[in-house]
Amino acid sequence: MNTFYLKVIASDKTFFSGRCKSLVVQTLDGEVGILAHRENVVTAVAMGEIRITDLEDNVITAVVGTGFLQVMNNRVTVLVDTAELPEEIDIRRAQEAKERAEEQMRQKQSIQEYHHSQASLARAMSRLKLTSKYN
Amino acid sequence: MANAREIQSRMKSIKDTMKITNAMYMISSSKLKKAKQTLMATEPYFYTLQMAIGRILRHMSEEEVHNVYFDERKEIEEKDRKKGYIVVTADKGMAGAYNHNVIKLAEEHMNESEHPMLFVLGELGRHYFTKQHMPIEETFHYTVQNPTMNRARNISERILDRYKAGELDDVYIIYTKMNGPIQTETEMLQLLPLKKSEFGPAPIGVPLENIEMTPSPAAVMEHIVPNYVAGFVYGALVESYASEHNSRMMAMEAATNSAKDMLRMLEIEFNRVRQAAITQEITEVISGAKAQKKKKK
């Protein structure tokens, strides 16, 4: 099977670097799968789950923040602000963050604050979704 | 000459101060090490982001680049431009000239513009500018300790909102960067609007690959520029944090050294005073004894 070089870079670490068989990410328009020798593309990555199938057919699942993805001559770079494995996520913290964000959403706030709590809610929910699937 | 007891108590107080400066030196050096590690860890993210924006820019036509983040708003006169300055100072003093340099640079540039607005990070700078009655944003409360990506994102969100709303036309960031392992330098950079030239010219002789951008180049740009700005702010925060601790480390090292020098001088003086006291006592005893002898005769 054809493989391609993948690099997943988060703001605080290089999350994944090496060859792999396939990659699935969330984009603004929905889930997108990428295989080797894909046409060059640059697209925005939405908050949510990514799945990497490595050379031994292990599937690495992680939750990422917003960012973008570029495919360039069979090299794929995913650049996101955060990337976490399911076991790295603190469920209780995510749960608390979700409750806090929901609490804030119920109150009257400025548009800026609204977007802010909406983003925190989305982050907390994507974390919780992933952990509930694997734990 | 002071008496021996006075010198001793002086030495004791210097020793106590030295303990504090020495402890601060150690704390700063361990914090500096941590800050440098964080900085290293973020470098790949930041450089890749910069390169990617450069690549996208090369693939966009001139009118497509007319994105809000690249709009220089040339129609606004120089004197009417509202300039925002993000000033990164420390929360505490005792860091040599670190805070002073940042504040000096900020004041220089503020005097050039007619409508300056300050966004001050760090307690010390905020106190200073409030005292000077400078126009500072009151609700902009962020600490500079242990910079996190989350805080950088909050800061950049607020700045971008104001920029997009037209409340700010140019945004600059004043921070201190590490120049090699011990040198620090205060620097001002333009954060917004972004300049196309900053992302490098197109490599000559390399044919432009055709890149598909989904959903559209503008949407992709809209999505990644806020990340770039946040990354930039984060980089500046980490650099400043490292510089702050570097300056404090050096200041405390100098303080400890001069305390040691003073102790050495005082020690010599103390010995002299003690010697003088002993000599005087001996002279007194001897002269007393001689007087007694003469009497007996």
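Which residue in β2(B) does Val88(B) stand opposite? Val88(B) faces Leu121(B) in β2(B), and this pair is a starting point for a report on a predicted model, in which local features need pLDDT of at least 70, side-chain atom pairs count only at pLDDT 80 or more, and totals for chains, interfaces and linings use all residues. Residues are numbered from 1 along each chain as its sequence is written, while chains are lettered from A and ligands numbered from 1 in the order in which they are written.

**The sheet of chain B**

Strand β1 (residues 82–88) of chain B pairs with β2(B) in the parallel sense over seven bridges; strands are DSSP runs of E with at least two residues, helices are runs of H or I with at least four, and both are numbered from the N terminus. Two strands count as paired if DSSP finds at least two bridges between them. Strands of a sheet pair through backbone hydrogen bonds, either parallel or antiparallel. In chain B, four strands in the order β2-β1-β3-β4 form an open sheet with mixed pairing. Because β2 (115–121) and β4 (183–192) of chain B stand at the edges with a single partner strand each, one side of each is left without a neighbour in the sheet.

**Where chain A meets chain B**

Between the chains, 22 residues of chain A are in contact with 24 residues of chain B, where contact means that the C-beta atoms of two residues, placed from the backbone, lie within 7 Å. On the side of chain A that touches chain B, the elements giving two or more residues are β4 (41–45), β7 (67–72) and β8 (75–80) of chain A, and β4(A) gives the most, with four residues. β4(A) also pairs in the parallel sense with strand β5 (residues 212–214) of chain B, over three bridges, and within β5(B) the bridge partner of Thr43(A) is Thr214(B).

**The domains of chain A**

The bounds of the two domains, which come from an automatic or database domain assignment, are set out below.

| Domain of chain A | Residues |
|---|---|
| domain 1 | 4–84 |
| domain 2 | 90–134 |

The C-alpha centres of domain 1 and domain 2 of chain A lie 24 Å apart, and six residues of domain 1 of chain A are in contact with six residues of domain 2 of chain A. On the side of domain 1 of chain A that touches domain 2 of chain A, β5 (48–54) and β6 (59–64) of chain A are the elements that give two or more residues.
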